[in-house]
Amino acid sequence: MRSLVLSSPPEGFLDTLPGPQWLDTAQYPQISFRSTGVETVAGRALRITGDLTLHGVTKPVVFDATFNGGYAGHPLDPHGRIGFSARGMFKRSDFGI
């Protein structure tokens, strides 16, 4: 596991999370999400559907998201950017964890 941010994990949790009883990052070093659709709900609210691959298992998931804004770029930095925040839930057991 290269990076993980949790707001207030229990003591020692970040040490055990990459291990075999949880994410088993030695055997499954990647977690991926591939979107299959984005739907506008209202204003800046979106619903993002897609396939989450975790622990070698791929399942469909839904995230409730917010468009946080962006910019088209400028001469010193021509690459446009956009930002989103998203929340969702899934059962660990669906992914064999």
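Predicted model: local features only at pLDDT ≥ 70, side-chain atom pairs only at ≥ 80, totals over all residues.

**Strands, turns, pocket and rings**

Student: How many bridges join β1 to β2, and which residue is the bridge partner of Phe 33 in β2?
Tutor: Phe 33 is found in strand β1, and β1 runs antiparallel to β2, with 9 bridges joining the two. The bridge partner of Phe 33 in β2 is Leu 52.

Student: How far apart in space are Phe 33 and Asp 51, C-alpha to C-alpha?
Tutor: Leaving aside residues up to four places away in sequence, Phe 33 touches Ile 48, Thr 49, Gly 50, Asp 51, Leu 52, Val 61 and Phe 63. Asp 51 is therefore one of the residues that Phe 33 contacts, which here requires heavy atoms within 4.5 Å. The two are 18 residues apart in sequence, whereas their C-alpha separation in space is 5.6 Å.

Student: Is Phe 33 buried, partly exposed or exposed?
Tutor: The relative accessible area of Phe 33 is 34%. Because buried means under 20% and exposed means over 50%, the class that applies to Phe 33 is partly exposed.

Student: Which residue takes a positive phi in the hairpin of β2 and β3?
Tutor: Most residues other than glycine have a negative phi. The hairpin of β2 and β3 has 2 residues between the strands, and the one with a positive phi near 60°, although it is not a glycine, is His 55.

Student: Why does His 55 count as buried?
Tutor: His 55 lies in the loop between β2 (45-54) and β3 (57-71). Buried means under 20% relative accessible area, so His 55 falls in that class with a relative accessibility of 14%.

Student: What is the phi of Asp 24, and where does Asp 24 lie?
Tutor: Asp 24 counts as buried, at 15% relative accessibility. Although Asp 24 is not a glycine, its phi is positive, at about 50°, and the residue lies in the loop between α1 (13-16) and β1 (32-42).

Student: How many of the residues lining the largest pocket are nonpolar?
Tutor: The largest pocket holds about 960 Å³ of space and is lined by 28 residues, with Leu 4, Leu 23, Ile 31, Leu 54 and Phe 90 nearest its centre. β1, β2 and β4 (81-87) each supply at least two residues of this lining. Of the lining residues, 6 are polar and 3 are charged, while the nonpolar ones number 19.

Student: How many aromatic pairs are there, and what is the angle between the planes of Phe 67 and Phe 84?
Tutor: The count comes to 4 aromatic pairs. Phe 67 and Phe 84 form one that is tilted, with 5.5 Å from centre to centre and an angle between the planes of 55°.

Methods:
Residues numbered from 1 in each chain as written. Heavy atoms only, no water. Helix = DSSP H or I, 4+ residues; strand = E, 2+ residues; numbered from the N terminus. Buried < 20%, exposed > 50% of the residue type's maximum accessible area, 1.4 Å probe, protein only. 1 Å grid on protein atoms, 1.4 Å probe; cavity = no way out; pocket = protein on both sides within 12 Å on 5 of 7 lines; lining within 4 Å. Points joined across faces, edges and corners; volume = space filled by probe spheres on them. Nonpolar A, V, L, I, M, F, W, Y, C, P; charged D, E, K, R; others polar. Pairing = 2+ DSSP bridges. Phe/Tyr/Trp six-rings, centres within 6.5 Å; stacked < 30°, edge-to-face > 60°.
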